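Good morning, and thank you for coming.

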Amino acid sequence: EIMQEYSVTIDGTSHEVPRPFLVMATQNPLESEGTYNLPEAQLDRFMFLLKVEYPTANEEIEILKLHSQQVDLNQRLNEEVKTVTSPTELLEMIKAMCKRAGIAKLDGGPKGATIQFHNDKFANPQGLVDFIKAQDGLAKVKDNKIVVRRDWNKESDKIKGAFAIARDLAEKVKAAQGRAG
């Protein structure tokens, strides 16, 4: 549900999930009741696969010790794991890059991105021509928009790719400002 509708339903109530978000899925052994294999169409949306084998005897003893000591693993994680950035900060970075590039709208999808500029103008026309040429025939102008074709099957590829496009265009604007200043 979250991967298709960007919401989750708990006790019959639907809750919108702020983007970007992280999805962790488990695939339990086949004999587990109430579990289903992840649909093939959704497997490519995950960045990595982590196989967790049954713990060794020593690892199992350590797990039982932690459990018997009532160790709060969430608190331990908060103390030991340093947050590099938050979803809000990530979105702010992307928005700032788009603002510097004069991008009014940047839509990323599995087949690439569509870019529309404020007032349909780019601050460095020659830089835009250079950007389009650098895309090796995978970018074109259509209806006052730049369309860049890509094969972004994973959500992470869309985010990285859209950010790279915004960054490259922001650099073109900065270069034009440097020449003018």
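Of the 181 residues of this chain, 21% count as buried, where buried means under 20% relative accessible area, exposed over 50%, and partly exposed in between, with a 1.4 Å probe and protein chains only. The model is a predicted one, in which local features need pLDDT of at least 70 and side-chain atom pairs count only at pLDDT 80 or more, while totals for chains, interfaces and linings use all residues. Residues are numbered from 1 along each chain as its sequence is written, and side-chain values use heavy atoms, with hydrogens and water left out.

The chain exposes about 14,300 Å², of which carbon and sulfur atoms supply 53%; accessible areas come from the Shrake-Rupley method with a 1.4 Å probe, and for residues only the protein chains shown count as cover. Among contacts with a separation of 6 or more, 52% are between residues 24 or more positions apart. Contact here means heavy atoms within 4.5 Å.

Let me turn to the secondary structure. The chain has seven helices and six strands, arranged along the sequence as α-β-β-α-α-α-α-β-β-α-β-β-α. These are DSSP runs numbered from the N terminus: helices are H or I with at least four residues, and strands are E with at least two.

In what order do the strands of the open sheet lie? The order of its four strands is β3-β4-β6-β5, with antiparallel pairing; two strands pair if DSSP finds at least two bridges between them. At the edges are β3 (103-109) and β5, each pairing on one side only. Neighbouring strands of this sheet are turned by 20 degrees against each other on average, direction ignored. For such angles, axes are lines fitted to C-alpha atoms, for helices over the stretch in contact, and angles run from 0 to 180 degrees between N-to-C directions.

Strand β4 (residues 112-117) is joined to β6 by four bridges, and the two run antiparallel. Ile-115 stands opposite Ile-146 in β6. Helix α6 (residues 125-134) packs on the sheet and touches β4, β5 and β6, its direction making about 25 degrees with that of β6.

On to the hairpin. Strands β5 (residues 139-142) and β6 (residues 145-149) also pair in the antiparallel sense, over four bridges, and Val-141 stands opposite Ile-146 in β6. Two residues lie between the strands of this hairpin, where Asp-143 takes a positive phi near 50 degrees.

How many aromatic pairs does the structure hold? There is one aromatic pair. The ring centres of Phe-117 and Phe-122 are 4.8 Å apart and the planes stand at 50 degrees, so the pair is tilted. By definition, rings of Phe, Tyr and Trp (its six-membered ring) pair if their centres lie within 6.5 Å; planes under 30 degrees apart count as stacked, over 60 as edge-to-face and the rest as tilted. Both Phe-117 and Phe-122 are buried.

Leaving aside neighbours within four places in sequence, Ser-7 is in contact with several residues, including Glu-1, His-15 and Glu-16. Glu-16 belongs to strand β2 (residues 13-16) and is exposed, with a relative accessible area of 67%. Not counting residues up to four places away in sequence, Glu-16 touches Tyr-6 and Ser-7.
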